[in-house]
Amino acid sequence: MRERITYLQKRHSSLPPSSLTVTPTSLSGPTIHAIREERLTFSLDELPRELSSVLNEVHELHVRWVSTKGYQSVGAFVGRLPGGWHIFWTPGAGAAGAEGGGDAEGKLGRVLGSAFGAEVEEGAFTKLPGGRFTNAAALQYFQPLESLDRFAGFAKGKLCPAEDEECGRRMDAVKGASALDVSYDTISHALKVTALWAYQEQEIRAVGREGVRTEVGVLSDEKTPTMEDHELGVSGLLTVLGQDEKPSATMFSFPSRHRDAESGFSAGFTQVGLHPVLQLKLGSNKPPVEGVTCAPHAYFTFPRTIFADRYQLSDDLFLASKNLTALRYISQPVDLEAPEYVMRTWGSAALLELKPPMMGEKEEAWTAEIPLHLRYLTPTHGGYAHLEVPYPAVFWACNAEEGTKFPTNPFERANLGYDGLFGPRTVFWHVEPRPETGDRVASPIRVPVLDLGKAGWVNIGTAAVVLLGFAWVSWKLLLVYLKSGYGASRTSETSEKKRQ
Amino acid sequence: MAGQATTTPSSLAARFFHGRFPLYFSAAIFRLVFLLYGLWQDANSPVKYTDIDYLVFTDAARFMSKGQSPYHRETYRYTPVLAWLLLPTVWVTGSPFWDAVWFSSGKVLFAAADLVAGWFLERLLTMGGQGVRPMDGPTARRFAAIWLLNPMVATISTRGSSEGLLGVLVTALLWAVVARRATLAALLLGFGVHFKIYPFIYAPAILWWMDGERMSGAGPSKSSSSGPGPSLLSRLARFITPARLQLAVISLAVFLGLNVFMFQIYGTPFLIHTYFHHVSRIDHRHNFSPYNTQLYLTSAFPNLSALRIESVAFLPQLVLSCVMIPFILAKKSLPTAMLAQTFAFVSFNKVCTSQYFLWYMVLLPLYLPTSSFMENKRLGLCALALWVASQGLWLQQGFELEFLGQSTFVPGLWLASLGFFLVNCWILGVIIGDVVLQPKSI
């Protein structure tokens with residue numbers, strides 16, 4: 001097992017080496033304003049059997065949870081996803097029913113479901129488009145998930161010996177994380193669990209453990225004149241516990257696909273009813289970099305209660321009136337008619353290219369509208385269901401210069417659902433999701449449903465009225481029958497005869 | 001007739017209906033204006049005039065033009081014939097003008113079908129028979145105008161809905177039957193059922209109507225309607241006439257032949273989307289059907305309800321439209337029987353949308369001349385007002401649900417759909433009662 005703890009401060013806020021106290025088993029320092037990332041790397045044999053047996057049937061797996069509470073991020077950690085629980089994975093070659101995941105899918109769904117306190121139904125995964133990237137995952141799943149409480153408890157039970165208080169404390173802290181990634185692939189044969197705590201006040205503190213290599217970095221975002229547009233830099237202090245007696249200064253730069261556009265957006269429903277309109281309010285209509293092709297995009301993961309109609313989003317005039325360019329991708333299949341309660345797939349992912357109105361020289365705020373459709377939901381008492389649709393990930397996709405390569409960097413996040421839909425030289429400049437009110441980066445909506453409290457008479461009433469109508473029509477038929485039987489009425493026969 | 005033609009009609013209306021040209025020309029111009037307006041709106045407004053269904057049809061035709069199955073288009077739930085008919089809509093010439101013309105060719109086809117249906121209505125009205133004295137041309141055209149100059153009909157076909165094709169199929173079928181052209185009638189019936197399923201309800205009425213006396217031209221048998229008849233077996237033997245056999249065998253062969261042919265080309269998706277879908281669909285989205293709220297409830301809680309109305313809902317519908325109405329009405333007046341059948345089928349259906357209303361509207365001009373709605377203007381206006389008002393009430397509730405987000409499922413939409421259903425049943429009762437009235441009127 002290896003461990004890496006990284007604190008990342010904003011630019012121009014580095015610490016002197018003397019501010020950190022290093023002992024063979026710990027590191028401590030002042031309270032700073034920073035983002036914190038902790039990464040644990042396990043080899044397969046360090047994992048409980050039930051987990052490693054599932055991973056044996058997996059070629060590649062990324063489980064990502066993102067808080068639905070807005071959070072600030074810095075530098076290399078700005079890669080965003082809609083709030084909720086995402087799974088991307090590719091079944092291994094040896095997995096039973098490798099075709100669509102099959103049995104391995106059910107098994108994985110059960111294990112992950114119990115770990116995160118969610119239920120993954122059979123057949124809920126959708127296929128991702130393959131081809132462009134050999135390393136893109138094959139199957140996708142998403143569902144809203146409020147907290148990591150259940151996962152923290154699960155990890156504590158599986159990984160911490162009962163007497164190890166420090167371990168328990170660390171796992172409890174996961175409950176406060178803003179994002180979590182669990183990644184595995186057959187090439188490294190390693191399971192990486194990465195938790196991220198939002199940019200906020202935190203105390204520098206790390207405790208080493210027997211047999212675990214613990215690396216602590218206290219870094220800050222850096223920009224040097226020699227760095228290129230697509231590169232990120234960091235500088236600061238690195239310490240390996242039990243190995244280094246004092247922190248060593250470091251500075252390095254690396255190309256990064258995820259950058260901060262340094263603007264924000266919010267989202268909210270403007271039209272209610274069964275065809276609601278989600279409005280994105282973006283802070284800036286100016287691309288984050290000059291001189292390259294850039295276009296703003298929104299990547300949605302819609303729960304199965306709501307969907308976008310790709311046919312509606314295919315008319316240029318209509319799209320332009322909503323400040324949209326095109327629907328670039330939508331997962332398949334999206335049933336346009338089925339009620340929510342008969343759906344099997346998790347929902348749908350959609351990538352929309354937005355069209356900022358080009359106004360003056362100055363940066364200006366603008367909006368884009370996305371027309372959506374609600375499914376019929378299970379009836380409730382009271383006649384309404386309350387839903388939340390997570391904000392999309394909004395970013396400017398810009399082309400890096402010809403020949404630019406993006407080798408793996410220490411903070412790399414790939415397989416986010418949308419990165420595989422772009423070319424290999426694309427840089428994602430992320431627009432920060434900001435709550436409209438409160439702290440949630442999800443748009444609430446009230447959905448009208450059948451009111452169970454008033455539905456008591458529906459069965460009997462419908463049957464009675466249909467029978468009444470049937471009886472009335474039958475009675476009229478009977479009157480005709482009694483008057484003139486089933487044959488032709490006599491006068492009409494004579495007129496027929498006359499005609500001939 | 002010749003004498004009538006020489007008299008010069010005085011009033012403007014009389015002059016309008018005097019010859020064929022003014023009516024059909026204005027019906028065509030009427031649709032052309034709608035069509036051009038639609039092109040303008042589609043090109044200039046994000047809110048489209050063209051019906052979503054037309055985009056479904058043309059997308060399906062596009063798949064077909066590439067040698068693929070039309071069922072690649074989601075929600076294409078029709079026979080491949082429709083996509084074939086619309087193949088010209090995907091022709092690309094390179095000139096935006098001609099592309100738009102070709103794209104609209106399907107709407108032109110549907111609008112032309114409207115006109116042909118109107119022409120068949122005029123033919124049927126001037127033929128007489130069927131408990132109706134033959135009408136003179138101008139009077140027949142006045143009634144045909146109810147269809148030809150109906151803005152609802154013109155809108156539906158120029159927006160690109162295919163219901164106009166059914167109008168022409170059904171009126172042509174009726175004309176072929178009344179003109180004793182059994183083979184043509186059988187071809188139309190078989191094709192009609194393949195095209196849209198519901199025309200199968202006309203089969204029992206037509207078969208029952210085609211009795212030996214009528215088809216051979218012999219006088220009516222005394223035992224046709226009353227008195228103790230001969231033995232069951234001989235009555236059965238007398239029922240099976242050559243004309244009836246011809247109709248049954250040919251129409252069935254056409255229906256099955258087309259289905260086998262389509263199945264050969266497009267396989268199971270053809271069967272699933274054209275036919276099985278209509279059996280298995282849940283129909284939970286709000287529509288005019290009285291069963292609608294009930295279906296939403298039972299589809300959401302399939303295990304809870306002991307009474308599964310939807311599994312017996314077809315009984316009153318089919319008993320009325322396929323057994324009782326044909327049996328009692330068909331021999332008295334085939335057009336009225338077919339109108340009543342369609343009315344019953346649509347009103348008692350598990351799903352009912354406004355385009356279904358066109359299915360019976362096309363038969364109205366044949367019934368109205370001898371109806372108590374025309375004889376008693378107040379009754380007629382009252383029926384029309386009730387039909388419109390109960391629909392309006394439903395639409396208002398539907399609007400509150402769909403666009404204002406109010407939970408109007410119960411009681412609003414539910415009661416509105418039941419009210420509309422009862423109004424329809426009342427109108428249906430009047431139509432049925434009118435068959436014994438008919439010979440006296442005109």
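Student: Where does B:Pro411 sit?
Tutor: B:Pro411 sits in helix H23 of chain B, which covers residues 409–434. Keep in mind that this is a predicted model.

Student: What kind of peptide bond joins B:Val410 and B:Pro411?
Tutor: A cis peptide bond, with omega at about -5°. Most peptide bonds are trans.

Student: And what is omega for the cis bond between A:Gln332 and A:Pro333?
Tutor: Omega is about -5° for that cis bond. A:Pro333 is placed in a loop of chain A, between strand S17 (324–330) and strand S18 (347–354).

Student: What about phi? Is it positive or negative at A:Asn323?
Tutor: Positive, about 60°, and A:Asn323 is not a glycine. Most residues other than glycine have a negative phi. Look for A:Asn323 in the loop between helix H5 (316–321) and S17 of chain A.

Student: Where does B:Ile197 lie, then?
Tutor: In the loop of chain B that runs between helix H11 (182–196) and H12. B:Ile197 has a positive phi of about 60°, again without being a glycine.

Student: New topic. How do H10 and H12 of chain B pack?
Tutor: Helix H10 has residues 163–178 and helix H12 has residues 202–209. Their axes are 11 Å apart, at an angle of about 15°. Angles under 35 degrees count as roughly parallel, so H10(B) and H12(B) are roughly parallel to each other. The crossing of H10(B) past H12(B) is right-handed.

Student: Which residues in H10(B) meet H12(B)?
Tutor: H10(B) brings B:Val170, B:Leu173, B:Val177 and B:Val178. H12(B) brings B:Tyr202, B:Ile206 and B:Trp209. In the contact of H10(B) with H12(B), seven residues are nonpolar, with no polar and no charged ones.

Student: What is the angle between H12(B) and H17(B)?
Tutor: Roughly 25°, with the axes coming within 8 Å. H12(B) and H17(B) are therefore roughly parallel to each other. H12(B) passes H17(B) with a right-handed crossing.

Student: Which residues meet there, from H12(B) and H17(B)?
Tutor: From H12(B), B:Pro204, B:Ala205 and B:Trp208. From H17(B), B:Cys322, B:Pro326 and B:Phe327. The contact of H12(B) with H17(B) counts six nonpolar residues, no polar and no charged.

Student: Let's go across chains. At what angle do H6 of chain A and H17 of chain B cross?
Tutor: At roughly 10°, and their axes come within 10 Å.

Student: Which residues of H6(A) and H17(B) are involved?
Tutor: Among those in H6(A) are A:Val466, A:Phe470, A:Ser474 and A:Tyr481. Those in H17(B) include B:Pro316, B:Leu320, B:Met324 and B:Phe327. The residues of the contact of H6(A) with H17(B) are 14 nonpolar, one polar and no charged.

Student: How many salt bridges in the whole structure?
Tutor: Over all chains, 34. Take A:Arg209 and A:Asp164, whose side chains meet in a salt bridge at 3.0 Å, N to O.

Student: Why does that pair tie together separate parts?
Tutor: Because A:Arg209 lies in the loop between strand S9 (190–207) and strand S10 (213–222) of chain A, and A:Asp164 lies in the loop between helix H3 (149–159) and helix H4 (165–173). So the pair ties together parts that are 45 residues apart in sequence.

Notes:
Residues numbered from 1 in each chain as written. Chains lettered and ligands numbered in written order. Predicted model: local features only at pLDDT ≥ 70, side-chain atom pairs only at ≥ 80, totals over all residues. Heavy atoms only, no water. Axes fitted to C-alpha atoms, helices over the stretch in contact; angles between N-to-C directions. Helix = DSSP H or I, 4+ residues; strand = E, 2+ residues; numbered from the N terminus. Parallel < 35°, antiparallel > 145°, perpendicular 65-115°, else oblique. Left-handed = near helix turned anticlockwise from the far one by under 90°. Contact = heavy atoms within 4.5 Å. Nonpolar A, V, L, I, M, F, W, Y, C, P; charged D, E, K, R; others polar. Salt bridge = Lys/Arg side-chain N within 4 Å of Asp/Glu carboxyl O.
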